[in-house]
Amino acid sequence: MTHEFSHRSLNLLDQEAIDEARMRVALQQAQLAADQGEVPVGAALYKGGTLIAQAHNAPISLCDPSAHAEVLVLKAAAQVLGNYRLEDCTLYVTLEPCAMCAGAIFNARVREVIYAASDAKSGVAGSVTNLFANPQLNPHAQIRGGVLKAQSVSLLQDFFKAQRHLQRQDTHALKAFLREDAIRKPIENMPGFHALSCNSSYLVLSALPGMRLHYLHARSKSDVALKSYVCLHGVNTCSNVFDPIAPSLCEGGANVFAPDMIGYGGSDRFKKSQAYDFALAMRSLIEWMDAKDLQEIGLITHDASIVWALVLKALQPHRIVSVLALNPCLKDKGALALQGLYARLGDWLKKGLRIQHLQPHFADLSHTLFETQLSALSSPFEQAFERHVFGAFDELFPSLEEALASVGLEMTDLLAHLSPQFLAQSVLMNSKPCSLVASESLGFDPADMLLSRFSQSEALQDRDFLSPACFEQLGQFLSAPVRTLSA
């Protein structure tokens with residue numbers, strides 16, 4: 001009896017040595033995969049004591065999602081033996097097979113499968129599930145695991161550690177990369193910059209490779225945010241105009257985000273105005289909203305950015321649930337719009353140094369802007385703003401009809417999404433003499449007809465979806481006494 005037990009133990013030791021020797025062949029293949037940038041999994045198939053085929057992962061190099069080590073080694077073995085049935089064969093693989101490979105193993109009638117490391121994410125030999133133990137799946141292969149497990153785990157860990165390091169390097173390089181036709185300046189150098197209460201971050205854009213979009217963000221003070229607001233700046237400001245109101249919004253249970261349009265604030269800008277494109281600007285904003293996973297957004301706009309808000313509503317109707325338009329100004333052909341800020345700002349941009357055209361507007365802003373902002377606005381054109389940015393005025397702030405046309409839509413596409421519920425939650429607030437709100441339809445101008453559908457207010461007040469404290473700060477920062485604009 002003792003002799004029989006010793007003989008059996010010797011056989012087990014011999015089999016263990018054989019399994020380890022054969023698994024080392026598979027590990028060599030796994031190393032080859034790692035050297036080629038593939039996930040390091042290798043396989044070797046034996047018939048009796050003969051090595052029939054060996055292979056490693058190659059989905060990347062072969063552009064083939066099925067090119068796992070097991071599948072490739074089964075194909076190679078079938079070619080050598082001239083038969084897809086591999087009934088008397090044993091498969092050695094460095095990682096527990098996935099469901100796809102298990103199916104191939106079943107179809108090949110492999111007698112036995114021996115693997116090294118378990119796969120907690122996709123292994124089907126006991127980790128996620130055990131297809132090899134399912135009696136409804138025939139024929140079955142015998143399966144064992146743990147042979148040279150430590151070596152396989154070490155190879156996988158080293159590979160993914162190196163991959164993460166490369167990804168960090170690539171991310172760092174991508175963040176640092178700036179395209180040749182663009183300019184990048186620190187946000188601290190922007191006109192009117194002041195110490196921020198919000199967090200400041202950047203998104204490297206896929207829509208504009210080599211450029212970054214800057215944004216401010218502040219999180220709700222409660223555990224669960226009730227709402228998310230995205231604040232869109234106007235033609236002569238940037239995201240920091242909303243920084244003073246963020247605390248009140250957060251205290252009211254909201255998350256607040258304020259992006260800088262490309263060319264403004266801390267976002268990168270093009271060297272030449274011809275490079276600006278409204279449709280591309282919209283794609284950048286949507287990419288940013290996707291990256292932040294923003295859903296059910298309330299937009300807060302200032303000045304001309306109401307155009308951006310309405311186009312976003314047309315493009316992303318289910319994402320935009322309301323619009324609060326502060327002192328909205330539309331660049332359209334209606335009689336009212338010709339009296340507004342756009343006409344003065346447009347003249348200023350075209351004629352350069354004729355600042356006097358904007359002096360009445362600056363006077364209205366004197367009690368609401370920081371001194372640095374007012375100084376920047378009032379200074380000569382070249383000192384206050386960069387020509388290549390404000391030369392893109394018409395591209396970044398087109399009329400509503402032009403904006404919709406640039407993204408392949410018409411006014412009817414927007415009107416279709418202005419449901420009674422959306423309109424009930426949206427409001428136009430006019431609290432500056434240079435801001436224009438159409439109180440009724442003027443002729444057949446689509447923009448005027450659109451504005452008349454919104455709820456309108458002549459003063460900043462609680463509208464149930466922003467706190468009174470927030471409106472108090474909005475009034476202090478963005479409004480001047482309501483007066484009639486002289487012709």
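Reply: Happy to! Let's begin with the cut-off for sulfurs: a disulfide is a pair of cysteine sulfur atoms within 2.5 Å. Keep in mind that this is a predicted model.

Me: How many disulfides does that rule give here?

Reply: The count comes to zero. Take Cys 98: its closest cysteine sulfur belongs to Cys 101 and lies 3.7 Å away, so the two are too far apart for a bond.

Me: Is Cys 98 buried or exposed?

Reply: The general idea is that a residue is called buried when its relative accessible area is under 20%. Cys 98 has 13%, so it is buried. Cys 231 is buried too, because its relative accessible area is 0%.

Me: Now the sheet, please. What is the order of its strands?

Reply: To read a sheet, look for strands that pair, meaning that DSSP finds at least two bridges between them. Here five strands form an open sheet with mixed pairing, in the order S2-S1-S3-S4-S5. At the edges are S2 (50–56) and S5 (142–145), each of which pairs on one side only. On average, neighbouring strands are turned by 15° against each other, direction ignored.

Me: In which sense do S1 and S3 pair?

Reply: Antiparallel: S1 (residues 42–47) and S3 (residues 89–95) are joined over five bridges. Within this pair, Ala 44 stands opposite Tyr 92 of S3.

Me: Which helix packs on the sheet, and which strands does it touch?

Reply: That is helix H3 (residues 69–81), which touches S1, S2 and S3. The direction of H3 makes about 140° with that of S2.

Notes:
Residues are numbered from 1 along each chain as its sequence is written. This is a predicted model: local features need pLDDT of at least 70, side-chain atom pairs count only at pLDDT 80 or more; totals for chains, interfaces and linings use all residues. Side-chain values use heavy atoms; hydrogens and water are left out. Helices (H or I, at least four residues) and strands (E, at least two) are DSSP runs, numbered from the N terminus. Axes are lines fitted to C-alpha atoms, for helices over the stretch in contact, and angles run from 0 to 180 degrees between N-to-C directions. Contact means heavy atoms within 4.5 Å. Buried means under 20% relative accessible area, exposed over 50%, partly exposed in between (1.4 Å probe, protein chains only).
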